[in-house]
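Here are my notes on this one, point by point. Have the viewer open while you read.

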Amino acid sequence: MDFTSKDQDGVFILTLNGNLIGEEVGSGILEAANEAVNKGMVLCLIDIENVKYINSSGIGVLITLLTKFRNHEGEVVIVKPSEHVNKLLIITKLTAIFKIADSVEEAIKELKS
């Protein structure tokens, strides 16, 4: 698993690639998010189009990100989950707390509205 992060028009964008299993990359993802929040960014877009598998630790990373941004009056949108990951989000009822978008553009509109 690897990830990239960037600031696009005040939105912190995380792009994840591989399997989100938390232990290996989770701390790096959370550190990048901490830096973004410390810079005053409160809107986060997580592009998981290239994530095929998430375990419980990976779910923990997503929930930690959501909590971190919402604690600063912000929001998180998950973008383009694969069919398998989307089923997992539905089964775990995370679709009730996360906003889900089909594209980066849709997510940015959702965050800015």
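Is Asp47 buried or exposed? Asp47 is buried, at 10% relative accessibility (buried means under 20% relative accessible area, exposed over 50%, partly exposed in between, with a 1.4 Å probe and protein chains only).

1. Ground rules. This is a predicted model, so local features need pLDDT of at least 70 and side-chain atom pairs count only at pLDDT 80 or more, while totals for chains, interfaces and linings use all residues. Residues are numbered from 1 along each chain as its sequence is written, and side-chain values use heavy atoms, with hydrogens and water left out.

2. The sheet. Five strands make an open sheet with mixed pairing, in the order E1-E2-E3-E4-E5. Here E1 and strand E5 (99–101) sit at the edges with a single partner strand each, so one side of each has no neighbour in the sheet. On average, neighbouring strands are turned by 25° against each other, direction ignored (axes are lines fitted to C-alpha atoms, for helices over the stretch in contact, and angles run from 0 to 180 degrees between N-to-C directions). Helices (H or I, at least four residues) and strands (E, at least two) are DSSP runs numbered from the N terminus, and two strands pair if DSSP finds at least two bridges between them.

3. Both kinds of pairing. Strand E1 (residues 2–8) runs antiparallel to strand E2 (residues 11–20), with seven bridges joining them; Phe3 stands opposite Leu16 in E2. Their hairpin has two residues between the strands, and Asp9 takes a positive phi near 55° there. E2 also pairs with strand E3 (residues 43–54), this time in the parallel sense over eight bridges, and Leu14 stands opposite Ile46 in E3.

4. Back to Asp47. This residue lies in strand E3. The Asp47 side chain reaches the backbone nitrogen of Glu49 at 3.0 Å (a polar contact is a pair of N or O atoms within 3.5 Å; within protein, one must be able to donate a hydrogen and the other to accept it, and residues adjacent in sequence count only if both atoms are side-chain atoms). Not counting residues up to four places away in sequence, Asp47 touches Leu14, Thr15, Leu16, Val79, Lys80 and Val104 (contact means heavy atoms within 4.5 Å).

5. Lys80. Look for Lys80 in the loop between strand E4 (75–79) and helix H3 (83–91). At 24% relative accessibility, Lys80 counts as partly exposed. Lys80 and Asp102 are 22 residues apart in sequence, but their C-alpha atoms are 4.9 Å apart. Residues that Lys80 touches, leaving out those up to four places away in sequence, include Asp47, Glu49 and Asp102.

6. Helix H1. With 13 residues (26–38), H1 reaches 18 Å from first C-alpha to last, close to the 18 Å expected at 1.5 Å a residue (the expected span is 1.5 Å times one less than the number of residues). Gly26, Ile29, Ala32, Ala33, Ala36 and Val37 are buried in H1. They cover an arc of only 140° around the axis, which puts them on the same side of H1 (the arc is that of the directions from the helix axis to the C-beta atoms). Ser27 and Asn38 are exposed on the other side of H1. The cover over the buried residues includes E1, E2 and helix H2 (56–70).

7. Asn55. Finally, Asn55 lies in the loop between E3 and H2 and is buried, with a relative accessible area of 17%. The Asn55 side chain reaches the backbone nitrogen of Ser57 at 3.0 Å.
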